[in-house]
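Please look through the sequence and the model first, and then follow the topics below.

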Amino acid sequence: MLVVEDEAALADAVARGLRREGMAVDVAYDGVDGHEKATVTRYDVIVLDRDLPGMSGDRLCAEIVSSGSTTRVLMLTASGTLADKVDGLSRGADDYLAKPFDFPELVARCRALGRRATPATPPMLTADDVVLDPARRTVSRAGRSLDLTRKEFGVLEVLLAAGGAVVSSEELLERVWDENADPFTTTVRVTVMTLRKKLGDPGLIETVVGSGYRVPAAG
C-alpha cells in the first residue's frame, strides 16, 4: 500500500491503522514523492489525496493509469458531492472516499481493491498438511492452529501463493514489510527461521541458495 496525503498527521494515522491490519504501507507527503515511489514499487493499492502539492492527485492518478499498472487507486477528497465523485472516477480512480471517513470503511475498500489488483488466489492456500485462510487470517498444520505474527503470516502467504516458485528475500521484504525496513538486515531470514520453528517437521520451506525461498507445489 502507498498513502499519498499532504496532511502528515492524517497520513501517518492512516498508515499506522493499515499496518495494524497486517498491510505493508509506505507514505508520501506530496505528489512528486508519491509519483517517484509509485514508479519504483508496484503497489496493490494507492490511497491518494486529490489536493496535493508538487503534483496533483488527479495528475498522479492519470500517470498511474496511463502506465498500464495493475495498481488500484482509492481517491480521497474533502468534497463528497456526486459531481466530484464522478470527476474523480472519470480520471481513472477505482474508488472514491470523502473526508472525513470511517476507518473501517477505508480498510474494507482497500482490501476489496487489493483483491482486484492481484491475480485471483484460492480461498484457501495449502501445501502438504498446512492450510492458510487469507480471509480469516488463520493457519493450521495437521488440524492444529498456529499462532503466527503478522510478518510470519505474510511471508507464508506469499510463499504459498507463489505456487512452488522461488520468492527472493527482496520480494518478501517488499511485499510483507514497508519502505522503512532495512534491506541489508537479516529481517527476512530471521522471520523465516521463526516461521519454520512454528511450522515444525517435516520442513515445509526450502532455501534456494542465492535465490530465495519456496514451498514446493504438490504433485
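In which helix do Glu105 and Arg109 both lie, and how many residues apart are they? Both lie in helix H5, four residues apart, which is about one turn of the helix; helices (H or I, at least four residues) and strands (E, at least two) are DSSP runs, numbered from the N terminus. This is a predicted model, in which local features need pLDDT of at least 70 and side-chain atom pairs count only at pLDDT 80 or more, while totals for chains, interfaces and linings use all residues. Residues are numbered from 1 along each chain as its sequence is written, and side-chain values use heavy atoms, with hydrogens and water left out.

**Confidence**

- The chain has an average pLDDT of 87, and 89% of the residues score at least 70, where pLDDT is the predictor's confidence in each residue, from 0 to 100.
- Among the elements of the chain, the lowest mean pLDDT (68) belongs to helix H4 (residues 82-90), and the highest (96) to strand E1 (residues 2-4).

**Salt bridges**

- Side chains of opposite charge can pair when their charged atoms come close.
- The whole structure holds 17 salt bridges, a salt bridge being a side-chain nitrogen of Lys or Arg within 4 Å of a carboxyl oxygen of Asp or Glu.
- Within helix H5, Glu105 and Arg109 form a salt bridge whose closest N and O atoms are 2.6 Å apart.
- Asp95 and Arg109 also meet through their side chains in a salt bridge, at 2.8 Å from N to O.
- Because Asp95 lies in strand E5 (residues 95-98) and Arg109 in helix H5 (residues 103-117), this pair ties together parts that are 14 residues apart in sequence.
- Asp95 is buried at 18% relative accessibility, whereas Arg109 is partly exposed at 23% and Glu105 is partly exposed at 31%; buried means under 20% relative accessible area, exposed over 50%, and partly exposed in between (1.4 Å probe, protein chains only).
- Asp44 and Arg42 form another salt bridge, with 3.1 Å between the closest N and O atoms; Asp44 is buried, with a relative accessible area of 18%, while Arg42 is partly exposed at 36%.
- A network of salt bridges links Glu5, Glu7, Asp49 and Lys99.

**Strands and hairpins**

- Strand E7 (residues 130-133) pairs with strand E8 (residues 138-141) in the antiparallel sense over four bridges, where two strands count as paired if DSSP finds at least two bridges between them.
- Leu132 has Val139 in E8 as its bridge partner, and the hairpin of E7 and E8 has four residues between the strands, with Arg137 in the turn taking a positive phi of about 60 degrees.
- E8 is in turn joined by three bridges to strand E9 (residues 144-146), and the two run antiparallel.
- Ser140 has Ser145 in E9 as its bridge partner, and in the hairpin of E8 and E9, with two residues between the strands, Ala142 has a positive phi near 55 degrees.

**Buried side of helix H7**

- Leu172, Leu173 and Val176 are the buried residues of helix H7 (residues 169-176).
- These residues lie on the same side of H7, because they cover an arc of only 100 degrees around the axis, the arc being that of the directions from the helix axis to the C-beta atoms.
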